[in-house]
Amino acid sequence: MNQSVSQNTPPIDIMLADSNPLVLSALSEIIDRDPRFSLVASAATAEGFLGTVMRVPVQVGVIDWNLPALGGAKLIEVLRDQANAPRIVVYAENTGDLPRMCMTAGAAAFAPRSSDAATLLDTCADVAAGKMVFPFLDVRDLQNDPIHQLSRKERGMLEALSKGLTNRELSKELGVTINTVKFHLSNLYEKLGVKNRAQAIAFYYSSRLVLERDEMSGIPK
């Protein structure tokens, strides 16, 4: 591990979040010992993490996937809509399909808890430099899943569509013109490979069922 840092290079601001106080204490000590980093704060919940990074600039956040009460996936989703949000490293047990789920959610990296401290620290440094760091993943699964090809606006459109809203109601809820709604719907149908509103809604609920099935099988959501 290269811990050298130029005197002209400011340390990387990091915040930690983990519900386990022993893990939080150990991570804090590890970060404090590395001159590349400056530990800004730590939190035991997703809400605590979010509340701090909304007020204090942080470059990198290291979080557990199963943070109470929002959870890692929802926390990352909320952060995606915030300006100057920290890039997220998920530090968790490498179980099931978790690394892929973290990547899909929008995390910048996944660091398994089984790895040594040097790996986690180097991952944080890489993420601060703009890199994405994940264990080997077959990205063909991500590319072939239409849901993951949707933009944030298109996902919002699909979720609103699932409520049974008309085009006029969609226009009002999303704050866009009816013509814009029609444009987004056309793109949405094409990406999902469906022909109409009913098929798009069916696709949405089938994808929700897949998530619920994974959760029942013990795969973190």
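The exercises that follow concern a predicted model, and they take up a sheet and then a loop residue.

**Exercise 1.** Determine in what order the strands of the open sheet are arranged, and which are the edge strands.

Solution. Begin with the overall arrangement: the open sheet has five strands in the order S2-S1-S3-S4-S5, and the pairing is parallel. The edge strands are S2 (37–43) and S5 (109–112), each of which pairs on one side only. From one strand to the next, the twist averages 25°. Turn next to strand S1 (residues 12–17), which runs parallel to S2 and is joined to it by six bridges; within this pair, isoleucine 14 has leucine 39 in S2 as its bridge partner.

**Exercise 2.** Locate leucine 67 and decide whether it counts as buried or exposed.

Solution. First place the residue: leucine 67 belongs to the loop between strand S3 (60–63) and helix H3 (72–80). Then compare its relative accessibility, which is 2%, with the cut-off for buried residues, which is under 20%; leucine 67 therefore counts as buried. To see what surrounds it, set aside the neighbours within four places in sequence, and leucine 67 is found in contact with Ala17, Asp18, Ser19, Ala44, Thr45, Ala46, Gly72 and Leu75.

Definitions and conventions: Residues are numbered from 1 along each chain as its sequence is written. This is a predicted model: local features need pLDDT of at least 70, side-chain atom pairs count only at pLDDT 80 or more; totals for chains, interfaces and linings use all residues. Side-chain values use heavy atoms; hydrogens and water are left out. Helices (H or I, at least four residues) and strands (E, at least two) are DSSP runs, numbered from the N terminus. Buried means under 20% relative accessible area, exposed over 50%, partly exposed in between (1.4 Å probe, protein chains only). Contact means heavy atoms within 4.5 Å. Two strands pair if DSSP finds at least two bridges between them. Axes are lines fitted to C-alpha atoms, for helices over the stretch in contact, and angles run from 0 to 180 degrees between N-to-C directions.
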